[in-house]
Amino acid sequence: QLLKVSFLGQGSVLLFGGAFEDQIFDDTWIFNLNQKSWKQIKSSKVPEKRALHSMAQLKEAKALLFGGSTGSLSIEECGWIFDQNKNEWNKLSLIGECGIDSLPSARYLQRMASVGDGKLLMTGGRGSEHLLLPQTWLFALNDHSNDSCSWKRLDGGLPSTKTPDERSHHAVASIGVGKFLLFGGTNDKQSLMQDTWIYDQI
């Protein structure tokens with residue numbers, strides 16, 4: 001439980017980490033939908049074991065993993081990309097684009113989904129002292145620079161009526177190139193939310 005999966009394309013689904021009782025895992029598995037079989041992937045570099053992380057497809061055969069919790073601490077790092085063509089994980093070299101707050105801080109229970117063209121949108125989650133984060137971040141992969149990438153915060157300077165409130169446990173999905181759907185979640189009072197938001201990059 002508390003694991004994450006991501007579609008990779010060509011009938012493959014990536015699974016990483018998770019937790020069961022007092023154990024937290026760092027194993028990587030791929031499920032082949034055509035063969036209906038699991039295969040464990042061994043890589044020389046592996047992300048730290050974690051649960052409550054987010055993971056989503058970047059493009060064919062590539063997925064991004066970000067954040068999560070080791071059980072007592074949120075994970076401070078840049079993120080990892082899994083490349084199915086090489087069956088390996090690579091830790092990212094990051095470039096921020098939005099000033100002093102240029103990279104997402106450590107967080108867990110955030111949600112992430114593709115908006116196409118090597119880009120992902122990440123929303124919400126809990127950070128330092130388990131506080132909810134009212135943040136929306138855009139991740140972009142630069143194919144011409146060995147998996148370097150950039151993060152850009154999108155909610156800065158916008159009125160609160162134009163961005164989703166802070167939350168965790170929400171649901172998100174890609175609904176086409178440049179579009180992202182968010183629904184529900186729980187707020188700081190642990191109350192269920194039932195609002196719906198659509199991000200449109202155009």
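## Overall shape

What radius of gyration would a compact globule with 202 residues have, and what does the protein chain have? A compact globule would come in near 17 Å, and the protein chain has 16 Å, which agrees. That radius is taken over C-alpha atoms, and the globule rule is 2.2 Å times the number of residues to the power 0.38. Along its principal axes, the C-alpha trace spans about 45 × 40 × 35 Å.

A quick word on where this comes from: the model is predicted, so local features need pLDDT of at least 70 and side-chain atom pairs count only at pLDDT 80 or more, while totals for chains, interfaces and linings use all residues. Residues are numbered from 1 along each chain as its sequence is written, and side-chain values use heavy atoms, with hydrogens and water left out.

## Strands, contacts and surface

The protein chain has 0 helices and 16 strands. Both are DSSP runs numbered from the N terminus: helices are H or I with at least four residues, strands are E with at least two. Take the contacts (heavy atoms within 4.5 Å) between residues at least 6 apart in sequence: 47% of them join residues at least 24 apart.

Of the 202 residues, 46% are buried. Buried means under 20% relative accessible area, exposed means over 50%, and partly exposed lies in between, using a 1.4 Å probe and protein chains only. The accessible surface comes to about 10700 Å², with 51% of it belonging to carbon and sulfur atoms; such areas come from the Shrake-Rupley method with a 1.4 Å probe, and for residues only the protein chains shown count as cover.

Strand S7 (residues 80-83) and strand S8 (residues 88-91) run antiparallel, joined by 4 bridges. Two strands pair if DSSP finds at least two bridges between them. Ile-81 has Asn-90 in S8 as its bridge partner. The two strands form a hairpin with 4 residues between them, and Asn-87 in the turn has a positive phi of about 50 degrees.

The hairpin has 5 residues between the strands, and Gln-190 takes a positive phi near 65 degrees.

Now look at Gln-194, which sits in strand S16 (residues 192-200). Leaving aside residues up to four places away in sequence, Gln-194 touches Phe-183 and Gly-184. The C-alpha atoms of Gln-194 and Gly-184 are separated by 4.4 Å, although the two are 10 residues apart along the chain. Gln-194 counts as exposed because its relative accessibility is 70%.

## Two loop residues with positive phi

Most residues other than glycine have a negative phi. Glu-21, however, has a positive phi near 55 degrees. You'll find Glu-21 in the loop between strand S2 (12-20) and strand S3 (23-32). Its relative accessibility is 67%, so Glu-21 counts as exposed.

Asp-117 isn't a glycine either, and has a positive phi of about 60 degrees. Its place is in the loop between strand S10 (111-116) and strand S11 (119-123). With 65% relative accessibility, Asp-117 counts as exposed.
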